[in-house]
Amino acid sequence: MSEFRKKGISADHIGPISLGFCHRPKFHPLSKEENSIKNNRMSLEDVKVLLTDEKNEQVASWHSKFIWDKLKNKVKTNKDAVKLSNLMR
């Protein structure tokens with residue numbers, strides 16, 4: 001990780017921990033500025049990765065699992081992903 005920091009790259013967790021997702025080693029490398037702008041919002045691509053990954057591992061923590069399970073399959077656009085992020089916050 002320190003190699004990334006030297007290059008100004010920040011780890012954007014797929015499934016933000018601040019929204020109740022599990023701490024996982026999987027992330028997208030983003031610049032610090034991009035990660036700051038994204039904040040704790042998910043994109044449609046993030047939701048797709050989480051849906052695939054949860055076939056093999058738990059992605060949402062117990063306190064966020066109910067809302068994630070209720071709404072995850074309704075996300076069809078980036079706007080939907082941001083709405084889900086806001087609800088999970």
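Arg24 is located in the loop between E1 and E2, where helices (H or I, at least four residues) and strands (E, at least two) are DSSP runs numbered from the N terminus. With a relative accessible area of 4%, Arg24 is buried; buried means under 20% relative accessible area, exposed over 50%, and partly exposed in between, for a 1.4 Å probe and protein chains only. The model is predicted: local features need pLDDT of at least 70 and side-chain atom pairs count only at pLDDT 80 or more, whereas totals for chains, interfaces and linings use all residues. Residues are numbered from 1 along each chain as its sequence is written, and side-chain values use heavy atoms, with hydrogens and water left out.

The side chain of Arg24 makes a polar contact with the side chain of Asp53 at 3.1 Å and another with the side chain of Glu57, also at 3.1 Å. A polar contact is a pair of N or O atoms within 3.5 Å; within protein, one must be able to donate a hydrogen and the other to accept it, and residues adjacent in sequence count only if both atoms are side-chain atoms. Leaving out residues up to four places away in sequence, Arg24 touches His13, Ile14, Leu50, Asp53, Glu57, Gln58 and Val59, contact being defined as heavy atoms within 4.5 Å.

## Salt bridges

Side chains of opposite charge can pair when their charged atoms come close. Under the criterion of a side-chain nitrogen of Lys or Arg within 4 Å of a carboxyl oxygen of Asp or Glu, the count comes to 8 salt bridges. One of them joins Lys26 to Asp53, with the closest N and O atoms 3.1 Å apart. This pair links distant parts of the chain, since Lys26 lies in the loop between E1 and E2 and Asp53 in helix H3, 27 residues apart. Lys26 is partly exposed, at a relative accessible area of 36%, whereas Asp53 is buried, at 10%.

The side chains of Lys38 and Asp46 also meet in a salt bridge, at 2.5 Å from N to O. Both partners are buried: Lys38 has a relative accessible area of 17% and Asp46 one of 2%. A further salt bridge is formed by Lys72 and Asp69, whose closest N and O atoms are 3.1 Å apart. Lys72 counts as buried at 12% relative accessibility, while Asp69 counts as partly exposed at 31%. Through shared partners, salt bridges join Arg24, Lys26, Asp53 and Glu57 into one network.

## The aromatic pair

The structure holds 1 aromatic pair. Such a pair is described by the distance of the centres and the angle of the planes. The rings of Phe21 and Trp68 have centres 5.2 Å apart and planes at 80 degrees, so the pair is edge-to-face. Rings of Phe, Tyr and Trp (its six-membered ring) pair if their centres lie within 6.5 Å; planes under 30 degrees apart count as stacked, over 60 as edge-to-face and the rest as tilted.

Phe21 belongs to the loop between strand E1 (9-13) and strand E2 (27-31), and Trp68 to helix H4 (residues 62-71), so the pair ties together parts that are 47 residues apart in sequence. Phe21 counts as buried at 3% relative accessibility, and Trp68 is buried at 1%. Apart from its neighbours within four places in sequence, Trp68 is in contact with Phe21, Val47, Leu50, Leu51, Glu54, Val59, Ala60, Leu84 and Met88.

A nonpolar core is a set of buried Ala, Val, Leu, Ile, Met, Phe, Trp, Tyr and Cys residues joined through side-chain atoms within 4.5 Å. The largest such core has 15 residues, and those with the most contacts inside it are Phe21, Met42, Leu50, Trp68 and Met88. Helix H3 (44-53) and helix H5 (78-88) each supply at least two residues of this core, and H3 gives the most, with 4 residues.

In H3, the residues Leu44, Asp46, Val47, Val49, Leu50 and Asp53 are buried. The buried residues of H3 pack against E2, helix H2 (32-38), H4 and H5.

## Ser85 in helix H5

Ser85 is found in helix H5 and is buried, with a relative accessible area of 0%. A polar atom of the Ser85 side chain lies 2.7 Å from the backbone nitrogen of Met42. Not counting residues up to four places away in sequence, Ser85 touches Leu19, Asn40, Arg41 and Met42.
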